[in-house]
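Me: I would like to go through a protein model step by step. Please show it to me and let me ask about its parts.

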Amino acid sequence: MILRTVDLVKDFGSLRAVDLVSLEIAEGEIRAIIGPNGAGKSTLLDVITNRTRPSSGRTYFRDKEITNLPPFTIASSGIGRCFQISKLFSGLSVYENVEIACLSKRGKAYSVYQSRDKGLRSEVTATLDSIGLAKMADEIAGYLSYGDQRRLEIGITLAMSPALLLLDEPTAGVSRGEGHELMRLIKSLAAEKALTIVFIEHDMDIVFGYSDRISVMHLGRLVMTGTPDEVRRDELVQRIYLGERES
């Protein structure tokens with residue numbers, strides 16, 4: 001297993017947002033995490049990456065415990081994270097956003113003099129090409145369409161060479177067509193770069209169309225994990241999630 005959690009708990013005062021979640025993600029898998037609003041999905045990713053410190057429980061990445069390690073250490077170990085709201089350097093160019101990520105991976109500070117590094121330029125260009133933004137390298141990131149901003153955020157995360165990519169609602173805020181285009185890109189990148197993908201999503205067409213397995217959360221608990229067909233047929237899931245969306 002590339003990722004394993006054991007009885008993860010996160011309490012916010014009297015509210016238990018994550019309740020004894022034990023999760024196993026296989027190498028190369030594309031796993032969706034679904035559940036109603038407030039089910040604890042985003043908090044679970046926050047706890048895994050220690051953006052929010054767990055109240056108890058443990059997290060393992062490739063059999064090494066990463067519980068309570070600093071978020072930058074977790075990121076450098078091979079876990080990338082894309083957030084529900086894009087986090088870009090909006091005043092910098094598309095190229096510069098990816099360049100900063102490449103330099104961060106190398107442990108170097110950003111500098112205009114880095115433009116002379118042919119290896120760096122090649123790395124940035126290859127990343128932009130992989131996400132379909134090579135022709136927009138000189139565009140200011142803040143002026144991109146929201147769909148292209150999502151692509152850029154994925155590129156920034158890929159520039160850190162992750163083995164595991166955590167995506168929080170990657171298709172939120174984009175049209176249905178753009179959402180499927182983004183997920184096709186993510187699935188293609190996963191195959192090309194041998195990535196493991198875990199993504200939170202509310203669009204059931206996306207969930208059932210692009211995941212290998214699905215984990216369902218409700219009230220902070222992991223209530224089931226199965227194939228798309230198993231989840232689709234499960235009466236509990238229909239009652240607590242799918243049925244809720246149809247009402």
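This is a predicted model: local features need pLDDT of at least 70, side-chain atom pairs count only at pLDDT 80 or more; totals for chains, interfaces and linings use all residues.

Me: In what order do the six strands of the open sheet stand?
Reply: Strands are DSSP runs of E, at least two residues long, and helices are runs of H or I, at least four long, all numbered from the N terminus. Two strands pair if DSSP finds at least two bridges between them. The pairing in this open sheet is mixed, and the order is β6-β7-β8-β3-β9-β10.

Me: Which strands are at the edges of that sheet?
Reply: Look for strands that pair on one side only.

Me: Which residue of β8 is the bridge partner of A32?
Reply: Strands of a sheet pair through backbone hydrogen bonds, either parallel or antiparallel. Here β3 and β8 (residues 196-200) are parallel, with four bridges. The partner of A32 in β8 is F199.

Me: Which residue of β9 is the bridge partner of I33?
Reply: Strand β9 (residues 213-218) also pairs with β3 in the parallel sense, over four bridges. I33 has as its partner S215.

Me: How many of the residues of strand β3 are buried?
Reply: Buried means under 20% relative accessible area, exposed over 50%, and partly exposed in between (1.4 Å probe, protein chains only). In a regular strand the side chains alternate between the two faces of the sheet. Both faces of β3 are covered, with I30, A32 and I34 on one side and R31 and I33 on the other. Strand β3 (residues 30-34) is therefore largely enclosed by the rest of the structure, and its buried count is five of the five.

Me: Why is helix α1 called largely enclosed?
Reply: Among its buried residues are K41, L44, D46 and I48. Helix α1 (residues 41-48) is largely enclosed by the rest of the structure because its buried residues number seven of the eight.

Me: What angle does α1 make with β7?
Reply: Strand β7 (residues 164-168) runs parallel to β8, joined by five bridges. Contact means heavy atoms within 4.5 Å. Axes are lines fitted to C-alpha atoms, for helices over the stretch in contact, and angles run from 0 to 180 degrees between N-to-C directions. Helix α1 packs on the sheet, touching β3, β6, β7, β8 and β9, and its angle with β7 is about 145°.

Me: Which strands stand at the edges of the four-strand sheet?
Reply: This open sheet has antiparallel pairing, in the order β2-β1-β4-β5. Each edge strand has a single partner, so one side is left without a neighbour in the sheet; the edge strands are β2 (15-25) and β5 (64-65).

Me: Is D63 buried or exposed?
Reply: Most residues other than glycine have a negative phi, and most peptide bonds are trans. D63 has a positive phi of about 70°. This residue D63 lies in the loop between β4 and β5. With a relative accessible area of 63%, D63 is exposed.

Me: Where does A194 lie?
Reply: A194 has a positive phi near 55°. At 55% relative accessibility, A194 counts as exposed. Its place is the loop between α6 (176-193) and β8.

Me: How much space lies in the largest pocket?
Reply: On a 1 Å grid over the protein atoms alone, a pocket is an open set of points with protein on both sides within 12 Å along at least five of seven lines, a cavity is a set where a 1.4 Å probe fits but cannot get out, and lining residues have an atom within 4 Å of a point. Grid points are joined across faces, edges and corners, and a volume is the space filled by probe spheres set on the points. The largest pocket is lined by 23 residues, with A75, R81, F83, T157 and M160 nearest its centre. Its space is about 580 Å³.

Me: Which element gives the largest share of the lining of the largest cavity?
Reply: The largest cavity holds about 30 Å³ of space. Its lining is C82, R150, E153, I154, L167 and P170. Three of these residues, the largest share, come from α5.

Technical notes. Residues are numbered from 1 along each chain as its sequence is written. Side-chain values use heavy atoms; hydrogens and water are left out.
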